[in-house]
Amino acid sequence: MGAYVLCGPFLLFLGVFSVLPAASTVVLSLLDWPLAGGNARFTGLDSFRRVLGSDELRQALINTLLYSLFTVPAVTVLGLLIALTIHSVRRGKVFWRTVYFLPFASTLAAMSIVWKWMFYPERGMIDSTVGQLFGVTNWLSDSSLALPAVALVGVWHQLGYAVVLFLSGLANVPTAHLEAARLDGANAWHRFWHVQWPALGPTTVFAVVISTISALRVYDTVALMTEGGPTGSTSTLSYELYRRGVFYQDISGGAVISIVLLATVMLVTLVQMRSFGRRLSEAGAR
């Protein structure tokens with residue numbers, strides 16, 4: 001009885017804020033409920049057939065997966081490299097950790113507007129520097145460059161969180177193991193590969209999973225920088241959910257996209273955990 005009393009508040013919170021909204025989304029996907037007025041009408045799986053077969057959803061799903069491929073590996077690798085660099089310095093660790101964490105702590109909506117100004121054609125900072133150097137300009141109006149531009153902002157925003165995670169993981173590596181490897185003549189690379197990297201297994205899994213979930217749910221940067229354009233090249237599942245469910249007031253269609261987004265997040269996370277997550281976690285536990 002005591003266990004139920006202790007778990008009661010958590011179960012109530014979980015039911016109200018997780019289970020109930022999820023169940024409501026499933027119910028809404030089966031109804032035709034006009035917001036302008038009128039009674040809800042049961043339509044069954046008509047909304048699923050209408051939305052799942054649309055080109056807009058297919059393009060949004062592809063863009064979402066591409067965005068994740070652009071951001072998650074970059075955030076993980078760069079976060080680890082920067083964390084190793086900060087961990088190795090003797091002074092200024094707090095300063096550099098704060099510098100890299102500030103973008104993550106900032107309001108992404110406001111920063112997206114700043115980045116949009118930086119990508120302004122010809123006169124923006126990006127076109128005036130990188131664009132002049134490589135001859136690549138007008139990023140946000142080019143269907144082949146808009147999504148990488150938005151992904152660049154995503155990497156900039158998520159990088160600080162990954163750095164802090166890896167710094168925490170590096171701080172938990174036993175110094176005795178590093179000293180023993182150093183006395184055995186191991187160089188910096190061998191100390192990292194055989195001592196630090198195995199110990200970072202659980203941290204790496206957590207960083208990859210959190211970065212993936214954040215990437216699959218991206219909305220702010222798309223809505224404020226490109227509005228899904230040009231020609232739908234940056235429309236993601238979250239933005240398509242807003243466009244269909246709020247802008248066009250298609251409640252049942254938006255609910256279907258919510259279910260697709262949830263299924264995508266769960267499937268990708270499951271694949272990650274089955275493919276390398278368990279192996280890395282077990283390596284860190286040894």
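**Notes on the model**

1. Gln-249 is found in the loop between α12 and α13 (251-285), where helices (H or I, at least four residues) and strands (E, at least two) are DSSP runs, numbered from the N terminus. The phi angle of Gln-249 is near 55°, a positive value in a residue other than glycine. With a relative accessibility of 47%, Gln-249 counts as partly exposed, given that buried means under 20% relative accessible area, exposed over 50%, and partly exposed in between (1.4 Å probe, protein chains only).

2. The model is a predicted one, in which local features need pLDDT of at least 70 and side-chain atom pairs count only at pLDDT 80 or more, while totals for chains, interfaces and linings use all residues. Residues are numbered from 1 along each chain as its sequence is written, and side-chain values use heavy atoms, with hydrogens and water left out.

3. Thr-236 is found in the loop between α11 (220-225) and α12 (237-247). Thr-236 is buried, with a relative accessible area of 0%. When its neighbours within four places in sequence are left aside, Thr-236 is in contact (heavy atoms within 4.5 Å) with Ala-60, Thr-64, Val-218 and Val-222.

4. As for the chain as a whole, the protein chain holds 13 helices and two strands, and its C-alpha trace spans about 75 × 70 × 30 Å along the principal axes. Of its 286 residues, 38% count as buried. Among the contacts in the protein chain with a separation of 6 or more, 69% are accounted for by residues 24 or more positions apart.

5. The accessible surface of the protein chain comes to about 16,600 Å², of which 67% belongs to carbon and sulfur atoms; these areas come from the Shrake-Rupley method with a 1.4 Å probe, and for residues only the protein chains shown count as cover.
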